[in-house]
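The sequence and the model are shown first, and the description comes after them.

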Amino acid sequence: MAYYPDLSPYTYDTADREMLTVGWLSREHPYTTGTAPEGLVEALVRLAREAVNVQRGMHFCNLCPDFQTARAHTSRGDVFIGSGEIRVTSDSGIVYAAPTMIVHYVEDHAYLPPEEFCVAALGAV
Ligand SMILES: [Zn+2]
């Protein structure tokens, strides 16, 4: 999976509207950590059920200490998070594109997405 800094223009494929990236993490780049707002993980799980751009390939978390652990985290409950992306639209019309793996990043790696994204995700469900 490609790395993008949070809130950079989304360039993963051709989109018909402008989007900003959130949660495209890599072990080679530092990311913001903290305590996620209440309900964020659940909101992201619900969004991940309606993933878009689901590829045939599978993505493994590269923040996990080893492959066994990463492989155990390609789904969360009955929701597959090893492929695809979620879309979140803010009140002001900004669209965020995040990998479904963001569920695992927030829940298990203490990743704290930008506040504007958290607000939008919590408002979307
Ligand atoms: Zn991981």
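Helices α1 and α4 pack at an angle of about 65 degrees, with their axes 9 Å apart; the axes are lines fitted to C-alpha atoms, for helices over the stretch in contact, and the angles run from 0 to 180 degrees between N-to-C directions. This makes α1 roughly perpendicular to α4, given that angles of 65 to 115 degrees count as roughly perpendicular, those under 35 as roughly parallel, those over 145 as roughly antiparallel and the rest as oblique. The model is a predicted one, in which local features need pLDDT of at least 70 and side-chain atom pairs count only at pLDDT 80 or more, while totals for chains, interfaces and linings use all residues. Residues are numbered from 1 along each chain as its sequence is written. Helices (H or I, at least four residues) and strands (E, at least two) are DSSP runs, numbered from the N terminus.

Leu-40, Ala-43, Leu-44 and Leu-47 in α1 meet Cys-118, Ala-121 and Leu-122 in α4, where a contact requires that the C-beta atoms of two residues, placed from the backbone, lie within 7 Å. The crossing in which α1 passes α4 is left-handed, a term used if the near helix is turned anticlockwise from the far one by less than a right angle, with right-handed used if clockwise.

A further partner of α1 (residues 40–48) is α3 (residues 102–109), and these helices pack at an angle of about 160 degrees with their axes 9 Å apart. That angle makes α1 roughly antiparallel to α3. On the side of α1 the contact is made by Leu-40, Val-41, Leu-44, Val-45 and Ala-48, and on the side of α3 by Ile-102, Val-103, Val-106 and Glu-107. Here too α1 passes its partner, α3, in a left-handed crossing.

| Helix pair | Angle | Axis distance |
|---|---|---|
| α1 and α4 | about 65 degrees | 9 Å |
| α1 and α3 | about 160 degrees | 9 Å |

The buried residues of α1 are Leu-40, Ala-43, Leu-44, Val-45, Leu-47 and Ala-48; a residue is buried if 20 or more other C-beta atoms, placed from the backbone, lie within 10 Å of its own, exposed if 12 or fewer, and partly exposed in between. The elements that cover these residues include β2, β3, β4, α3 and α4. In α3, the residues Ile-102, Val-103, His-104, Tyr-105 and Val-106 are buried, and their cover includes α1, β2 and β5. Just after α3, Ala-110 takes a positive phi of about 60 degrees.

The strands β1, β5 and β4 form, in that order, an open sheet of 3 strands with mixed pairing, two strands being paired if DSSP finds at least two bridges between them. At the edges lie β1 (19–21) and β4 (85–89), each of which pairs on one side only. Neighbouring strands of this sheet are turned against each other by 30 degrees on average, direction ignored. Helix α4 (residues 115–123) packs on the sheet, where it touches β4 and β5, and its direction makes about 90 degrees with that of β4.

Strand β4 runs antiparallel to β5 (residues 95–99), to which 5 bridges join it. Within this pairing, Thr-89 has Val-95 of β5 as its bridge partner, and Glu-85 stands opposite Pro-99 in β5. The two strands form a hairpin with 5 residues between them, and Gly-93 in the turn has a positive phi of about 90 degrees.

Asp-78, in the loop between β2 (75–76) and β3 (79–80), is exposed, with 7 other C-beta atoms within 10 Å. The C-alpha atoms of Asp-78 and Val-45 are separated by 9.8 Å, although the two residues are 33 residues apart along the chain. Glu-50, in the loop between α1 and α2 (67–71), is likewise exposed, with 10 other C-beta atoms within 10 Å.

Taken as a whole, the protein has 4 helices and 5 strands, which follow the pattern β-α-α-β-β-β-β-α-α along the sequence. Its radius of gyration is 13 Å, close to the 14 Å that the globule rule gives for 125 residues, so the protein is as compact as a globular protein of that length; the radius is taken over C-alpha atoms, and the rule is 2.2 Å times the number of residues to the power 0.38. Buried residues make up 31% of the 125 residues.
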